[in-house]
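Dear colleague,

A summary of the findings follows it.

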Amino acid sequence: RVLVLQADDRDMSPPSDWTDPSQFLRAAAAVNAAWACRHQYTYRVVRHAKGIWRLGAGKRNQSWLKVVAAAEGVLEGFDWIFFLDSDAFINRVQDSLTDMLRECGRWGVKWQLFEGQRKGWNLTSEEDGVPISEASLIASENWNQRHTTVRAANVNAGVWILRSCRKGRALLRDWWEAEEEKWRKYDRKYDFEQGVLNGLVRKNASYRKLIFKVQHPWINGHNAHL
């Protein structure tokens with residue numbers, strides 16, 4: 001079972017005018033819903049957190065809702081959670097999730113570890129990524145990773161695929177519950193949940209062994225999936 005997931009409290013109903021740029025997010029959601037229907041997946045837009053997962057007024061930015069929504073999907077028994085930010089949409093609608101995973105398995109990149117400052121960093125080591133068949137999370141390298149000192153663990157949290165296995169569930173829990181004070185600033189500060197995920201991955205190699213990092217063009221380039 002596959003859950004195609006988006007999280008947004010804005011109007012995500014199908015657009016009344018597909019040529020209206022102001023309705024882009026609604027158009028993107030409609031494309032994703034149609035793709036899910038075509039491949040017999042469940043499509044869902046989550047607008048509010050529920051129960052024990054409530055964000056808490058003033059405590060966490062709405063961007064954290066994706067982690068909450070994915071956890072709810074895991075609890076419902078979905079095997080895969082495919083999350084997309086509201087500005088992302090499926091490009092190659094003929095391809096199933098299985099097709100995507102098969103292809104992106106050829107686009108993996110190493111984790112690169114740097115030390116130093118933005119204008120004077122040095123590559124200190126490289127680590128091979130985990131094979132996609134063993135990964136709990138598939139995510140793209142971040143769009144600006146080539147211009148930052150944290151290229152080692154800079155993944156983009158805007159589009160990712162979670163395998164609902166024991167390690168995948170643990171990663172999701174740790175992402176939500178990360179307690180280091182320096183990461184709590186991301187509850188309300190950009191780049192929110194992405195900052196915490198990258199903090200976890202930079203700190204501990206065991207998290208890097210859970211994630212298959214895909215080259216950025218796989219999701220943002222000519223003939224890309226997204």
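The notes below cover the sheet, the helices, the nonpolar cores and the cysteines.

This is a predicted model, in which local features need pLDDT of at least 70 and side-chain atom pairs count only at pLDDT 80 or more, while totals for chains, interfaces and linings use all residues. Residues are numbered from 1 along each chain as its sequence is written, and side-chain values use heavy atoms, with hydrogens and water left out.

Helices (H or I, at least four residues) and strands (E, at least two) are DSSP runs numbered from the N terminus. Six strands form an open sheet with mixed pairing, in the order β2-β1-β3-β7-β6-β8; two strands pair if DSSP finds at least two bridges between them. β2 and β8 (211-214) are the edge strands, each pairing on one side only. On average, neighbouring strands of this sheet are turned by 25 degrees against each other, direction ignored; axes are lines fitted to C-alpha atoms, for helices over the stretch in contact, and angles run from 0 to 180 degrees between N-to-C directions. β6 (residues 137-141) pairs with β8 in the parallel sense over four bridges, and Ser140 has Val214 of β8 as its bridge partner.

Helix α2 (residues 65-75) packs on the sheet and touches β1, β2, β3 and β7 (155-163), its direction making about 155 degrees with that of β1; contact means heavy atoms within 4.5 Å. Helix α4 (residues 166-177) lies across β6, β7 and β8, at about 145 degrees to β7.

In α1 (residues 24-38), the buried residues include Ala28, Asn32 and Trp35; buried means under 20% relative accessible area, exposed over 50%, and partly exposed in between (1.4 Å probe, protein chains only). Among the elements covering the buried residues of α1 are β1 (2-7) and α3 (97-104).

A nonpolar core is a set of buried Ala, Val, Leu, Ile, Met, Phe, Trp, Tyr and Cys residues joined through side-chain atoms within 4.5 Å. The largest has 35 residues, and Leu5, Ile81, Trp160, Leu172 and Trp175 have the most contacts inside it. Its largest share, seven residues, comes from α2. Apart from this core lies another of 22 residues, including Val2, Tyr41, Phe82 and Leu84.

Counting pairs of cysteine sulfur atoms within 2.5 Å as disulfides, the total is zero. Cys37 is exposed, at 61% relative accessibility, whereas Cys165 is partly exposed, at 24%.

Yours sincerely
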